[in-house]
Amino acid sequence: MRREPRPLTVRQEAVLAVIRSSLAEHGHGPTVREIGARVGLSSTSSVAHQLGRLEARGLIVRTGRDWSTCVLVEEPPARRPGLRSRGPGGGVDGYGRRSAP
């Protein structure tokens with residue numbers, strides 16, 4: 001039996017919104033202290049806990065050691081009925097070129 005994933009908490013949604021806006025405005029993730037200030041958490045440990053939960057759920061990943069290197073994981077687009085998939089990569093090679101039929 002498969003369990004449905006739990007919905008995000010209000011705090012997790014707020015942390016994701018802060019990360020999303022920082023990436024859009026500055027091109028990089030916010031620091032732990034910046035997240036805490038914008039979400040209303042004074043403890044950096046509690047911010048790190050929220051970030052760890054989001055990372056465990058696969059919603060963010062770190063490209064480096066610090067949390068400020070986190071990026072959002074894009075969810076794959078939902079498949080529309082009636083369309084066939086070209087398999088992994090959608091018929092595109094590593095350079096973005098379509099593969100020959």
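Q: What makes Gln50 a contact of Gln12, and which other residues does Gln12 touch, not counting residues up to four places away in sequence?

A: In this predicted model, Gln12 touches Gln50, Arg53, Leu54 and Arg57, not counting residues up to four places away in sequence. The word contact is used because heavy atoms lie within 4.5 Å. Gln12 itself lies in helix 1.

Q: Why is Gln12 called buried?

A: The relative accessible area of Gln12 is 7%, and a residue counts as buried when that value is under 20%. Gln12 is therefore buried.

Q: Which other residues of helix 1 are buried, and what covers them?

A: Besides Gln12, the buried residues of helix 1 are Val15, Leu16, Val18, Ile19, Ser21 and Ser22. What covers the buried residues of helix 1 includes helix 2 (32–39), helix 3, strand 1 (60–62) and strand 2 (70–72).

Q: How do you know that Val15 counts as buried, and what does Val15 touch?

A: Val15, which is found in helix 1, has a relative accessibility of 0%. The cut-off for buried is under 20%, so Val15 counts as buried. Leaving out residues up to four places away in sequence, Val15 touches Ile35, Val39, Gln50, Leu51 and Leu54. Val15 and Val47 are 32 residues apart in sequence, while their C-alpha atoms are 8.4 Å apart in space.

Q: How do you know that the span of helix 1 agrees with what its 17 residues should give?

A: The expected span is 1.5 Å times one less than the number of residues, which for the 17 residues of helix 1 comes to 24 Å. The end C-alpha atoms of helix 1 are 24 Å apart, so the two values agree. Just after helix 1, Gly27 takes a positive phi of about 85°.

Q: Why is helix 1 described as roughly perpendicular to helix 3?

A: The axes of helix 1 (residues 10–26) and helix 3 (residues 44–56) come within 10 Å and cross at roughly 85°. Angles of 65 to 115 degrees count as roughly perpendicular, and that makes helix 1 roughly perpendicular to helix 3. On the side of helix 1 the contact is made by Arg11, Gln12, Val15, Leu16 and Ile19, and on the side of helix 3 by Gln50, Leu51, Arg53 and Leu54. Sorted by class, this contact of helix 1 with helix 3 has five nonpolar, two polar and two charged residues.

Q: What makes helix 2 and helix 3 roughly perpendicular to each other?

A: Helix 2 and helix 3 pack at an angle of about 95°, with their axes 9 Å apart. The range for roughly perpendicular is 65 to 115 degrees, and helix 2 and helix 3 are therefore roughly perpendicular to each other. The residues in contact are Val32, Arg33, Ile35 and Gly36 of helix 2 together with Thr44, Val47 and Leu51 of helix 3. Those residues of the contact of helix 2 with helix 3 divide into four nonpolar, two polar and one charged.

Q: Why does Cys70 count as buried, and which residues is Cys70 in contact with?

A: Cys70 lies in strand 2 and has a relative accessibility of 1%. Since buried means under 20%, Cys70 counts as buried. Leaving aside neighbours within four places in sequence, Cys70 is in contact with Ile19, Leu23, Gly29, Ile60, Val61 and Arg62. The C-alpha atoms of Cys70 and Thr31 are separated by 9.5 Å, although these residues are 39 residues apart along the chain.

Q: Where does Leu72 lie, and what does Leu72 touch?

A: Leu72 lies in strand 2. Not counting residues up to four places away in sequence, Leu72 touches Leu16, Ile19, Arg20, Leu23, Leu59 and Ile60. Leu72 and Val61, which are 11 residues apart in sequence, are 6.6 Å apart from C-alpha to C-alpha.

Q: What makes the meeting of Arg62 and Glu55 a salt bridge?

A: The side chains of Arg62 and Glu55 meet at 3.4 Å, N to O. A salt bridge requires a side-chain nitrogen of Lys or Arg within 4 Å of a carboxyl oxygen of Asp or Glu, and the pair of Arg62 and Glu55 is a salt bridge. By this rule the count comes to one salt bridge.

Q: Why do Arg62 and Glu55 count as partly exposed?

A: Buried means under 20% and exposed means over 50%, with partly exposed in between. Arg62, at 32% relative accessibility, counts as partly exposed, and Glu55, at 28%, also counts as partly exposed.

Notes:
Residues are numbered from 1 along each chain as its sequence is written. This is a predicted model: local features need pLDDT of at least 70, side-chain atom pairs count only at pLDDT 80 or more; totals for chains, interfaces and linings use all residues. Side-chain values use heavy atoms; hydrogens and water are left out. Axes are lines fitted to C-alpha atoms, for helices over the stretch in contact, and angles run from 0 to 180 degrees between N-to-C directions. Helices (H or I, at least four residues) and strands (E, at least two) are DSSP runs, numbered from the N terminus. Angles under 35 degrees count as roughly parallel, over 145 as roughly antiparallel, 65 to 115 as roughly perpendicular and the rest as oblique. Ala, Val, Leu, Ile, Met, Phe, Trp, Tyr, Cys and Pro count as nonpolar, Asp, Glu, Lys and Arg as charged, and the others, Gly among them, as polar. Buried means under 20% relative accessible area, exposed over 50%, partly exposed in between (1.4 Å probe, protein chains only).
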